[in-house]
Amino acid sequence: SAFAAGQSHACAILNGQGLKCWGNNIYGQLGNGTWADSLAPVSPATVTDKNGGTFSPTDVIAISAAGYNTCAITSNHHLWCWGDNSHYQIGDNTNTNHNKPTFVNFVSWIGTDPQVTQVVEGYFHTCVLISDGSVYCWGENGAGQLGEGDTVNRGHPNVKVKNIWGVSLLASGEQHTCALMNGSVFCWGNNYDGELGTYTKLTYSTAQVAVSGL
């Protein structure tokens, strides 16, 4: 997308100027190398990673923001994230906040370098759609929002979301995730308000359930 908003910050991809972010920056979610809030749009820092190449604000093709962190996809379909990392949502296997873009190194965890086509974020978790239609999630998992059949937090993308393939679109709420798969919508995670679409208010579901009535 060309625009994204978190809890108290926002980012946009501007024609000819690349990615700009503004607002609260207490967790580094603006990505410009400081912890200072900004009333004016600022560019995230240019960063070089030996495994991920160089992140440049002008090379961003898609963004996502939620809570107090931000993620961006660059033209080579690599993923970079920054900001709040208290629940491992940046994907570098630490819980240290980052005020500059940080490369999510899939090769270290799954042995291949997949093409990331979409990124979505809940309040403390992150999910990505890969070009082959598979999905990876990491971060906080107390309500099963990572879709792995358990409630174990994960600090990095190490396994595909179970029972999910051929996905064409992702979406995420605070503690739940949904995927469009072969014309049907499947969701998993928190269901205190019936957000999984099963006509019930289960506590949560760690497995994918089909949304009824669509």
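In this predicted model, strand β1 pairs with strand β2 (residues 9–14) in the antiparallel sense over 3 bridges. Strands pair here if DSSP finds at least two bridges between them, and both helices (H or I, at least four residues) and strands (E, at least two) are DSSP runs, numbered from the N terminus. The model is a predicted one, in which local features need pLDDT of at least 70 and side-chain atom pairs count only at pLDDT 80 or more, while totals for chains, interfaces and linings use all residues. Residues are numbered from 1 along each chain as its sequence is written, and side-chain values use heavy atoms, with hydrogens and water left out.

**The open sheet**

- An open sheet is formed by 4 strands in the order β1-β2-β3-β4, with antiparallel pairing.
- The edges are taken by β1 (3–5) and β4 (38–42), each of which has a single partner strand, so one side of each is left without a neighbour in the sheet.
- From one strand to the next, the twist averages 10°; axes are lines fitted to C-alpha atoms, for helices over the stretch in contact, and angles run from 0 to 180 degrees between N-to-C directions.
- Ala4 has Cys11, in β2, as its bridge partner.
- In general, strands of a sheet pair through backbone hydrogen bonds, either parallel or antiparallel.

**Nonpolar cores**

- The largest nonpolar core has 16 residues, and those with the most contacts inside it are Leu19, Phe55, Val60, Ile63, Ala72, Trp80 and Trp82.
- At least two residues of this core come from each of β3 (18–23), β7 (60–66) and β9 (79–83); β7 gives the most, with 3 residues.
- A nonpolar core is a set of buried Ala, Val, Leu, Ile, Met, Phe, Trp, Tyr and Cys residues joined through side-chain atoms within 4.5 Å, where buried means under 20% relative accessible area, exposed over 50%, and partly exposed in between (1.4 Å probe, protein chains only).
- Not counting residues up to four places away in sequence, Ala72 touches Leu19, Phe55, Val60, Ala62, Ile63, His78, Leu79, Trp80 and Trp82, a contact being heavy atoms within 4.5 Å.
- A second, separate core of 14 residues includes Cys71, Ile73, Phe106 and Tyr136.

**Disulfides**

- The structure holds 4 disulfides, a disulfide being a pair of cysteine sulfur atoms within 2.5 Å.
- With bonded cysteines counted along the chain, the disulfides follow the pattern 1-2, 3-4, 5-6, 7-8.

**Cys11 and Cys21**

- The sulfur atoms of Cys11 and Cys21 lie 2.1 Å apart in a disulfide; the torsion about their S-S bond is about 110°, so this disulfide is right-handed.
- Cys11 belongs to strand β2 and Cys21 to strand β3, so the pair ties together parts that are 10 residues apart in sequence.
- Cys11 counts as buried because its relative accessibility is 0%, and Cys21 counts as buried at 0% relative accessibility.

**Cys127 and Cys137**

- Cys127 is joined to Cys137 by a disulfide, with an S to S distance of 2.1 Å; this link is right-handed, with 110° about the S-S bond.
- The pair links distant parts of the chain, with Cys127 in strand β12 (residues 125–130) and Cys137 in strand β13 (residues 135–139), 10 residues apart.
- Cys127 and Cys137 are both buried.

**Cys178 and Cys187**

- Cys178 and Cys187 form a disulfide in which the sulfur atoms are 2.0 Å apart; a torsion of about 105° about the S-S bond is why this disulfide is right-handed.
- Both Cys178 and Cys187 are buried.
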